[in-house]
Amino acid sequence: MAYPDFNMDHQWLPFTPNRSFKKEPRVFVAADGMFFTTHDGKQVLDGISSLWCVGAGHNRKPINEAIKKQLDTLDYATAFQASNDQAFQAAEMIAAMAPGDLNQVLFCNSGSEAADTSLKVALAYHRARGEGHRNVFIGREKGYHGVGFGGMSVGGIPANRKVYGAALLPRVDHLRFIHDPVKHAYIHGAEPVWEEDLLLELENRILPLHDPSNIAAVIVEPVAGSAGWYLPPKGYLKRLREICDKHGILLIFDEVITGFGRLGTNFGADYYGVVPDMLNFAKAVTNGVIPLGGVICTDRIYNTMMEANAGSPPHAIEFFHGYTYSGHPVACAAAMATLSLFKQEKLFERAGQMGVVLGDAAHSAFKGLPNVIGIRSLGLAAAVELSSIAGAPGKRAYDIFMDCFRNGVLVRPAGENIVICPPYIVEKAHIERIVNVVSDAIRKNA
Ligand SMILES: Cc1ncc(COP(=O)(O)O)c(C=O)c1O
């Protein structure tokens, strides 16, 4: 198949410069293992797990077979006032992997829906406890929690917010960003140590401003993924947990990227030894093959919502929320096959090991190249940060991304960063190829 064998006039592409795309399209028609095939027959190495999803690599037979079997058994069943066996079994598997008393899974279909679901649970939970006045949310600058109005409001990526003005949720504040471009420009598999306590601002400014008794939840990504792989200061998440506990504020970890193996552990919560009250997931849970997301809540949250309804008639619904496709049987079958495959092939351990190889390769190849002002690696992900071109923010990273694609490697431009986050099955030779292609593109775009 060669372009233009299909008509490109009717798909409005998401988070993509549509006008330039049509001049130089990047269209995948097949994938296997670490590689895509494009519409014009090129092989492209997937250096970003298709946006943090495809941990086990593409075209994995056990997942495909589970989906086919499920389609022939129970294709779909409504999720309201009924359920399906796959959803219960997948929820049990996910709860068993989650730390602490994170045991109650509310399914949805994406990371954006998980963000909005978790914010709604926070409000409903506080109301159920008689603290309905707790309605302030705190996110963080450069945070990404998807594109729903809730997620955008607590999110902190300016370009995603600027058009929506007063339509964003009121009563939202943001923690300051967690990066010091001078002292922590180069971080290799470590937790940046700050002299300053970044969370003093929360304690001394944000909490008193709103009054802690009004704050429903703080939501953060353990590692800021979409912004360009920015790592939390040493001790930051533990201290955030303590502050939230002190004031009865719920802590939500958005683990859409860090969940299911990216850091070499089940979740970022395990990596950092901090258990949130809610944990949002999506992406890698099904190896990306079928949309599935969810929020894992503590038993305490679930029980509070049930107990608050103890006096209600038996037909009363405790939480007015859900999606037509919550716990879709085919998605849940895909999730179970994916999680079993991760376990069988010890892919989380492998992600941790290959992360060291990626970090070593990225730091030795990129440091000192023109315009490189930072390199950060942790788990199986690395970002190289480039100086901005005056008047053209993001252009350098975009041009590098395009050059890499022309040379058969898919990487991710994120602001002024190039992010590399390959599938957990990645081999050393793939990492060398990715890093060489990115290095050449950095030199070419100097
Ligand atoms: C941390 C985080 N939350 C939420 C989302 C949104 O997920 P989705 O695109 O599935 O709605 C993303 C997507 O990259 C993410 O990285």
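This briefing looks at one helix and a few salt bridges in the structure above. The model is predicted, so local features need pLDDT of at least 70 and side-chain atom pairs count only at pLDDT 80 or more, while totals for chains, interfaces and linings use all residues. Residues are numbered from 1 along each chain as its sequence is written, and side-chain values use heavy atoms, with hydrogens and water left out.

**Helix α4**

- Let's start with α4, which covers residues 85–97 and has 13 residues. (Helices are DSSP runs of H or I with at least four residues, strands are runs of E with at least two, and both are numbered from the N terminus.)
- From first C-alpha to last, α4 reaches 19 Å, close to the 18 Å expected at 1.5 Å a residue; the expected span is 1.5 Å times one less than the number of residues.
- Which residues of α4 are buried? They are Gln-86, Ala-87, Ala-90, Ala-91, Ile-94, Ala-95 and Met-97. (Buried means under 20% relative accessible area, exposed over 50%, and partly exposed in between, using a 1.4 Å probe and protein chains only.)
- At the start of α4, Asn-84 has a side-chain oxygen that comes within 3.0 Å of the backbone nitrogen of Gln-86.

**Salt bridges across the chain**

- Side chains of opposite charge can pair when their charged atoms come close.
- The count here is 20 salt bridges, each being a side-chain nitrogen of Lys or Arg within 4 Å of a carboxyl oxygen of Asp or Glu.
- One of them joins Arg-60 and Glu-345, whose closest N and O atoms are 2.7 Å apart.
- That pair links distant parts of the chain, 285 residues apart: Arg-60 is in the loop between α2 and α3, and Glu-345 in the loop between α12 and α13.
- Arg-60 is buried at 17% relative accessible area, whereas Glu-345 is partly exposed at 34%.

**A bridge that belongs to a network**

- Asp-403 and Lys-444 also form a salt bridge, at 3.0 Å from N to O.
- Asp-403 belongs to helix α14 and Lys-444 to helix α15, 41 residues apart.
- Asp-403 is buried at 6% relative accessibility, but Lys-444 is exposed at 61%.
- Through shared partners, salt bridges tie Glu-24, Asp-403, Arg-406 and Lys-444 into one network.

Technical notes. Polar contact = N/O pair within 3.5 Å; in protein donor to acceptor, adjacent residues only side chain to side chain.
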